[in-house]
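I opened this entry to look up how the chain is built.

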Amino acid sequence: MNNQNCCSSMHSVKLARQGEVGLASVPRPEPGPDEVLLRVLAAGLCQTDLHIRNATDSRTPDGTTLGHEIAGVVEQCGEAVTRWQPGERVVVHPCWSCGVCAACLAGRQNACRNTGSRLAPPPTPGVTKDGGMAHYVRVPERALMAIGDLDPAIAATLTDAALTPYHAIATCSTLLHPGSTTVVIGLGGLGNLAVQILRATSATRIVAVDLSDKAIEAARPWADITLRADSQGFIDSILAMTAGFGADVVLDFVGTDETLRTAAAIVGRYGAIRVVGLSGGTLPFVARSARNALPRGVTVMCPYGGTYADLAAVIALARRGAIRPLVTRFALSDALQAFDALEAGRIRGRAVLIPETA
Ligand SMILES: [Zn+2]
Ligand SMILES: [Zn+2]
């Protein structure tokens with residue numbers, strides 16, 4: 001390969017076709033007028049990437065470069081870019097919202113209205129646009145946020161693994177007062193950070209729940225109580241610790257029939273259920289109090305990503321050491337091994353791909 005080719009092509013992890021993700025050699029992208037070209041320093045690997053690899057109903061087009069958790073350094077700015085300079089270290093907000101609709105102006109960028117349909121979220125790198133599992137990625141300048149001297153592998157995970165639980169927690173902030181109880185079900189990459197964020201930002205009592213002793217151990221430093229979900233009398237023990245009232249907040253990072261049934265059985269009156277894990281479960285609701293599994297006043301929400309203010313908040317928490325994402329690093333060229341390890345449940349914390357420098 002001659003020198004020019006070596007500088008104008010790069011490797012990327014692409015969805016080749018449904019069921020197949022592979023490494024490809026592709027041209028280095030050119031930034032548009034209001035875009036920035038980032039040299040990727042780290043790209044997180046998420047259950048969503050496994051879903052995209054395996055799905056039959058994915059909205060991700062064939063040929064898309066995966067990777068929605070991106071940290072990098074500004075390499076080149078489009079001609080209309082005014083806010084960034086080459087050399088600045090940044091992360092990429094995963095909701096590429098329009099910035100000018102009523103929702104965006106109100107600071108609700110994850111509810112952006114300029115997406116073409118009621119059900120469609122804003123464009124997301126690695127899902128509907130080319131993402132960060134590559135040496136370079138082009139991104140809209142308004143999606144960037146500075147990270148200073150944060151470790152890029154840690155910073156990358158903030159954009160989803162920390163942002164999403166932070167936002168879910170922010171939607172029930174009034175319930176996290178002293179004397180309240182919050183149950184976190186599922187202590188993988190996001191659930192572990194949910195426990196850390198609750199500890200850093202609230203006075204609620206934190207009950208951390210999983211089926212894996214390893215996951216429970218990893219969350220223990222920040223939890224008040226840890227429980228195995230399959231322990232004898234699990235639901236009764238949560239009711240007992242809340243004097244029969246139930247939990248004020250239940251954060252479900254699994255989202256199966258079983259975890260949603262559990263959430264309904266342990267939530268208290270006027271409590272909150274936030275469903276972040278999307279495993280196809282059903283939460284039963286009957287519009288009649290005598291037959292409804294849910295106590296009166298409970299709110300249920302399936303939040304999406306987070307706002308730009310939420311990302312700024314998790315960056316600030318990480319910079320002062322209040323949250324510490326656990327990462328396992330892989331070279332970008334070992335991406336497929338990382339996918340397989342995540343699928344087999346062999347990753348501690350978040351898997352992060354690091355592009356090799358030429
Ligand atoms: Zn994700
Ligand atoms: Zn908008």
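**Core, domains, sheet**

I looked up the largest nonpolar core: of its 105 residues, V184, A194, V195, V250, V314, V352 and L353 touch the most other members. Such a core is a set of buried Ala, Val, Leu, Ile, Met, Phe, Trp, Tyr and Cys residues joined through C-beta atoms within 7 Å; buried requires 20 or more other C-beta atoms within 10 Å of a residue's own, with C-beta atoms placed from the backbone. Helix α4 (residues 152-170) gives the most to this core, 11 residues; helices are DSSP runs of H or I, at least four residues, and strands are runs of E, at least two, numbered from the N terminus. Domain 1 (3-160 + 305-354) and domain 2 (172-301) both contribute residues, so the core lies between them.

The model is predicted; local features need pLDDT of at least 70, side-chain atom pairs count only at pLDDT 80 or more, and totals for chains, interfaces and linings use all residues. Residues are numbered from 1 along each chain as its sequence is written, and chains are lettered from A and ligands numbered from 1 in the order written.

I checked L353 next. Leaving aside neighbours within four places in sequence, L353 contacts A43, L45, M133, F330, L332, A335 and A338 (contact: backbone-placed C-beta atoms within 7 Å).

Then I took the domains, whose bounds come from an automatic or database assignment. Their C-alpha centres are 29 Å apart. Domain 1 puts 8 residues into the contact and domain 2 puts 7.

Last, I traced an open, parallel sheet of 6 strands, ordered β10-β9-β8-β11-β12-β13; strands pair if DSSP finds at least two bridges between them. β10 (225-228) and β13 (299-301) each have a single partner strand, so one side of each lacks a neighbour in the sheet. Strand β8 (residues 181-185) runs parallel to β9 (residues 205-210), joined by 5 bridges. V183 has V207 in β9 as its bridge partner.

Technical notes: Two residues are in contact if their C-beta atoms, placed from the backbone, lie within 7 Å. A residue is buried if 20 or more other C-beta atoms lie within 10 Å of its own, exposed if 12 or fewer, and partly exposed in between; C-beta atoms are placed from the backbone.
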